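Subject: Structure handover

Hello,

Here is the structure we talked about. Please have it open while you read; my notes follow below.

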Amino acid sequence: MPKKKCGLGFDCASMMQYPSIDPANCLNYKTCGSAVQLSPDEELELVRIREEQMRQYQEQIRLTRRSAAIMMLMRRGCPQSPESLGVIPAIEAIATTLDNIRTRFTNFDGQYIAPPGCELHIYNVKRPSGTYSYYKLTAENAMFAPSEKEQEVRVIHLSHQHDARYIEAQLGIERRNKLTQVRTLLHNASALLEEATRLLEQTTDMNSPNATVEVFNIDEIIPIA
């Protein structure tokens, strides 16, 4: 014959501080059994045993089926938290990563970073002694400060590939490309974080009322010597 179970899902032995108690012998048995006829927010009265400073107290509590369900699940359902599910450590890891990124931006201080759309182009110059290859930094529109003219120019001549001007211009393009890649990744990360924010905002629709429990009578249980 199967054991009778609590109609509210409580562990009677835990609630009544009575190891191995049969649910049928629990003081709440009849109340829990009839509770299924109540709406989730109708009140009912239960008895529970509480231990405090080596003394036991029998309490009468007033709560709703919804509060009872929350209380039962918080007691028996292995409740989790944002920290235990790894959400808080993930947030802390993101904050640490952002701090590292900000710190690494200092590596670009005082370094040349090429503008968007600027590239290196090679061109050949014929001389009596032979043909020589030179490089220039070319922009789509005039944006470079001129060396002699008054108007901005589209091209800066950089000499040959061993010249410091060419080397630094090439490094400037590499720095720009890395930064634009980082910008794209950060935009993607920002979009994901915004989606996380939207999900958290939606959890308000999943929140239950607070599991309020009203204690209206307490009697100390006097142990029998």
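T64 sits in strand β2. T64 is buried, at 13% relative accessible area. Beyond four places in sequence, T64 contacts P40, D41, E42, E43 and L44. The T64 side chain also reaches the backbone nitrogen of S67, at 3.0 Å. Bear in mind throughout that this is a predicted model.

Next, the cores. Which residues have the most contacts inside the largest nonpolar core? They are L8, F10, M15 and L46, in a core of 19 residues. At least two residues of this core come from each of α1 (12-15), β1 (43-52), β2 (55-64) and α3 (65-76). β1 gives the largest share, with 4 residues. Nonpolar side chains tend to be buried together in soluble globular proteins.

With residues up to four places away in sequence left out, M15 touches F10, N28, L46, V47, R48, I49, I61, M71 and R75. Another core lies apart from the largest one. This other core has 10 residues, including A114, C118, A139 and F144.

Now the helix α5. The helix has 39 residues. From first C-alpha to last, α5 reaches 57 Å, close to the 57 Å expected at 1.5 Å a residue. At its start, a side-chain oxygen of D163 comes to within 2.8 Å of the backbone nitrogen of R165. The buried residues of α5 are Y166, A169, G172, I173, R175 and R176. What do they pack against? The partners are three strands: β3 (119-127), β4 (130-138) and β5 (155-159).

Is R176 buried or exposed? R176 is buried, because its relative accessible area is 7%, under the 20% cut-off. A polar atom of the R176 side chain lies 2.7 Å from the backbone oxygen of P115. Apart from neighbours within four places in sequence, R176 contacts I113, A114, P115, P116, G117, C118 and E119.

On to the cysteines. How many disulfides does a search of the whole structure find? The count is 0. A disulfide needs the two sulfurs within 2.5 Å. C12 is buried, at 7% relative accessibility. C118 is buried too, with a relative accessible area of 0%.

Last, N100. This asparagine lies in helix α4, residues 87-104. N100 counts as partly exposed because its relative accessible area is 43%, between the 20% and 50% cut-offs. N100 and C6 are 94 residues apart along the chain. Their C-alpha atoms are separated by 54 Å.

Start with M15 and its contacts, among them F10 and L46. Then turn to R176 and the backbone oxygen of P115.

Best wishes

Technical notes: Residues numbered from 1 in each chain as written. Predicted model: local features only at pLDDT ≥ 70, side-chain atom pairs only at ≥ 80, totals over all residues. Heavy atoms only, no water. Buried < 20%, exposed > 50% of the residue type's maximum accessible area, 1.4 Å probe, protein only. Polar contact = N/O pair within 3.5 Å; in protein donor to acceptor, adjacent residues only side chain to side chain. Contact = heavy atoms within 4.5 Å. Core = buried A, V, L, I, M, F, W, Y, C linked by side-chain atoms within 4.5 Å. Expected span 1.5 Å × (residues − 1).
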